[in-house]
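Please read these points with the model open beside them.

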Amino acid sequence: MEYKRFNNTIVARIDYGEEILEKIMEICEKEQVKLANVNALGAINEFTVGLFDTSEKKYYSKDYSGDFEIVSLTGSITTMNGKLYTHIHLSASDRENKVYGGHLSKAIVSATCEMFIHIEDGIVDREFNEEIGLNLFKFE
């Protein structure tokens, strides 16, 4: 992975074999990012995405492997209890242009991933909401 910071934007290249979420965390820790949005595209050969079932308050995940193009990777960087927290979604297409997606748990780069991290001034923390079953934005 390599990246360069331009004021409040970080442009990153995540390389073959690297895991995307790990690299987002690594960049944000090094650059002391506390609040940002992320978008990316590229190619992956292994990923896990999930769906949150609102009635059961539980995630259901599915693993995929093969050749996939990242159609969209988007999400947020916030904090929870003072620690970095990522909330990233991914859509990826296969050879037949079928798209699979959801809440991202893991993605391994097969060629490259081109990413922009847009940093915002400030901090937005998260707090677990019992009624919803998710970690929601907490504004103070």
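1. Is Q32 buried or exposed? With a relative accessible area of 66%, Q32 is exposed; buried means under 20% relative accessible area, exposed over 50%, and partly exposed in between, using a 1.4 Å probe and protein chains only. Q32 is found in the loop between α1 and β3, where helices (H or I, at least four residues) and strands (E, at least two) are DSSP runs numbered from the N terminus. The phi angle of Q32 is near 55 degrees, a positive value in a residue other than glycine.

2. On the source: this is a predicted model, in which local features need pLDDT of at least 70 and side-chain atom pairs count only at pLDDT 80 or more, while totals for chains, interfaces and linings use all residues. Residues are numbered from 1 along each chain as its sequence is written, and side-chain values use heavy atoms, with hydrogens and water left out.

3. K57 is placed in the loop between β3 and β4. Its phi is near 55 degrees, again a positive value in a residue other than glycine. K57 is partly exposed, at a relative accessible area of 40%.

4. The largest nonpolar core has 31 residues. A core here is a set of buried Ala, Val, Leu, Ile, Met, Phe, Trp, Tyr and Cys residues joined through side-chain atoms within 4.5 Å. The residues with the most contacts inside the largest core are I20, I24, I44, F47, L73, L90 and M115. At least two residues of this core come from each of β2 (9-15), α1 (20-30), β3 (36-53), β4 (58-80), β5 (83-93) and β6 (99-119). β6 gives the most, with seven residues.

5. Not counting residues up to four places away in sequence, L90 touches I44, F47, V49, I70, S72, L73, Y100, G101, G102 and L104, contact meaning heavy atoms within 4.5 Å.

6. L104 is found in strand β6 and is buried, with a relative accessible area of 4%. Beyond four places in sequence, L104 touches L21, T48, V49, L73, I88, H89 and L90. T48 is in strand β3 and is also buried, at 11% relative accessible area. With neighbours within four places set aside, the contacts of T48 are S61, K62, D63, H103, L104, S105 and K106.

7. How many aromatic pairs are there? The count comes to seven, where rings of Phe, Tyr and Trp (its six-membered ring) pair if their centres lie within 6.5 Å, and planes under 30 degrees apart count as stacked, over 60 as edge-to-face and the rest as tilted. The F47 and F68 rings have centres 4.9 Å apart and planes at 85 degrees, so this pair is edge-to-face. F47 lies in strand β3 and F68 in strand β4, so the pair ties together parts that are 21 residues apart in sequence. F47 is buried at 0% relative accessibility, and F68 is buried at 8%. Y64 and F68 are edge-to-face too, with ring centres 6.3 Å apart and planes at 75 degrees. One aromatic cluster is formed by F47, Y64, F68 and Y100.

8. Nine salt bridges are found in the whole structure, each a side-chain nitrogen of Lys or Arg within 4 Å of a carboxyl oxygen of Asp or Glu. R13 and E2 form one of them (3.1 Å, N to O), linking strand β2 to strand β1 (residues 2-6) across eleven residues. E127 and K138 form another at 3.8 Å, N to O; E127 is in strand β7 and K138 in strand β8 (residues 134-138), eleven residues apart. Salt bridges that share partners join E18, K23, E26 and K30 into one network.

9. R126, in strand β7 (residues 125-129), deserves a check. R126 is buried yet has no salt bridge, and the nearest side chain of opposite charge, D125, is 7.9 Å away; Lys and Arg count as positive and Asp and Glu as negative, with His and the chain ends not counted. The R126 side chain reaches the backbone oxygen of N135 at 2.8 Å.

Key. A polar contact is a pair of N or O atoms within 3.5 Å; within protein, one must be able to donate a hydrogen and the other to accept it, and residues adjacent in sequence count only if both atoms are side-chain atoms.
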